[in-house]
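Subject: Structure handover and findings

Hello,

Here is the structure for you to look through. My notes follow below it.

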Amino acid sequence: MNIKLNAPVSAAIAIGVGIVVLAGYFIPSINNIRFIFLRTGLVLAAVALLVGIINLLSVHFKKMGAETENSGYSLILVITLILTLIIGTIDMVQTYLVGQPNFQMSNWIFKNIQLPIETSLLAVTAVSLTYAAASILRKRMDLFSITFFFVILLVLLGSFSIPPATLPLLHVVRDWIVRVPALGGARGLLLGIALGTITTGIRILMGTDRPYGG
């Protein structure tokens, strides 16, 4: 009979490290051990990110070699990833060794490339959400679908800067929707995520869940 020792050993290590890190917040004498575990975790996370980037490159290199329909997108991804890596490395050398202002080229890429792309994606999301609301309203005419559609319409109109969307009432309604119900819903989601994270951590400490492969 083959006995697999890796499962109980990995579970014991995960539970022990989790207990030490959690106890470090309440027992000052083991703070140094907690910091060692946290720094080790950061290093392992960085290594995992590096492995993920290497795997991403290998997958897209294979797609480029196969010459599929989406091989052009893979080529663009590989080129931009390598260029961003080179520019980031140059910025790090100039910042930490030469003493120039922090990450000028990386900040230029963020402000002039990444930020406009993210803004465009948000605009597409707003249009898609409006279309989805109109589709729901066409298929099912009830109180919730009507409320959903008009809330989206008011928020969009309140965000425009062209007449007649520049009416003060629209901006007041939009600001109230953003500050009161939308902010309350976002906080509720964050509270739910926090409670779920705590529950998952407790289950890992108890050995019930083993996402680490044990």
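Helices here are DSSP runs of H or I with at least four residues, numbered from the N terminus. By that count, Val9 lies in helix α1. Please keep in mind that this is a predicted model.

Overall layout

The chain has six helices and zero strands. Read from the N terminus, the order is α-α-α-α-α-α. The radius of gyration is 25 Å, well over the 17 Å that the globule rule gives for 214 residues, so the chain is more spread out than a compact globule. Along the principal axes, the C-alpha atoms fill a box of roughly 70 × 45 × 45 Å. Burial comes to 12% of the 214 residues.

The nonpolar patch

Which residues make the nonpolar surface patch? They are Val9, Ile13, Val17, Ile33, Ile36 and Phe37. The patch covers about 490 Å². Two helices each supply at least two of its residues: α1 (6-24) and α2 (31-66). Look at Val9 as one member of the patch. Its relative accessibility is 44%, so Val9 counts as partly exposed. The cut-offs behind that call are under 20% for buried and over 50% for exposed.

The aromatic pair

How many aromatic pairs does a search of the whole structure find? It finds one. The partners are Phe149 and Phe150, with ring centres 5.6 Å apart and planes at 80 degrees, so the pair is edge-to-face. The angle cut-off for that label is over 60 degrees. Phe150 has 45% relative accessibility, so this residue counts as partly exposed.

The salt bridge

The salt bridge count comes to one. It joins the side chains of Arg174 and Asp175, at 3.2 Å from N to O. Are these two residues buried, exposed or partly exposed? Arg174 is partly exposed, with a relative accessible area of 25%. Asp175 is partly exposed too, at 35% relative accessibility.

Start with Leu42, which is found in helix α2. With a relative accessible area of 62%, Leu42 is exposed. Thr84 is 42 residues away from Leu42 along the chain. The C-alpha atoms of Leu42 and Thr84 are separated by 22 Å.

Next comes Ile53, also placed in helix α2. Ile53 counts as partly exposed, at 32% relative accessibility.

At 46% relative accessibility, Met92 counts as partly exposed. Met92 and Ala23 are 69 residues apart in sequence. In space, C-alpha to C-alpha, Met92 and Ala23 are 36 Å apart.

In brief

For a quick look, take these points in turn:

- The fold elements: six helices and zero strands.
- The patch of about 490 Å², with Val9 among its residues.
- The edge-to-face pair of Phe149 and Phe150.
- The salt bridge of Arg174 and Asp175.

Best wishes

Methods. Residues are numbered from 1 along each chain as its sequence is written. Side-chain values use heavy atoms; hydrogens and water are left out. Rings of Phe, Tyr and Trp (its six-membered ring) pair if their centres lie within 6.5 Å; planes under 30 degrees apart count as stacked, over 60 as edge-to-face and the rest as tilted. Buried means under 20% relative accessible area, exposed over 50%, partly exposed in between (1.4 Å probe, protein chains only). Patches are made of residues with over 30% relative accessible area and no salt bridge: like charges are joined within 9 Å, nonpolar side chains (Val, Leu, Ile, Met, Phe, Trp, Tyr) within 5 Å. Accessible areas come from the Shrake-Rupley method with a 1.4 Å probe; for residues, only the protein chains shown count as cover. A salt bridge is a side-chain nitrogen of Lys or Arg within 4 Å of a carboxyl oxygen of Asp or Glu. The radius of gyration is taken over C-alpha atoms; the globule rule is 2.2 Å times the number of residues to the power 0.38.
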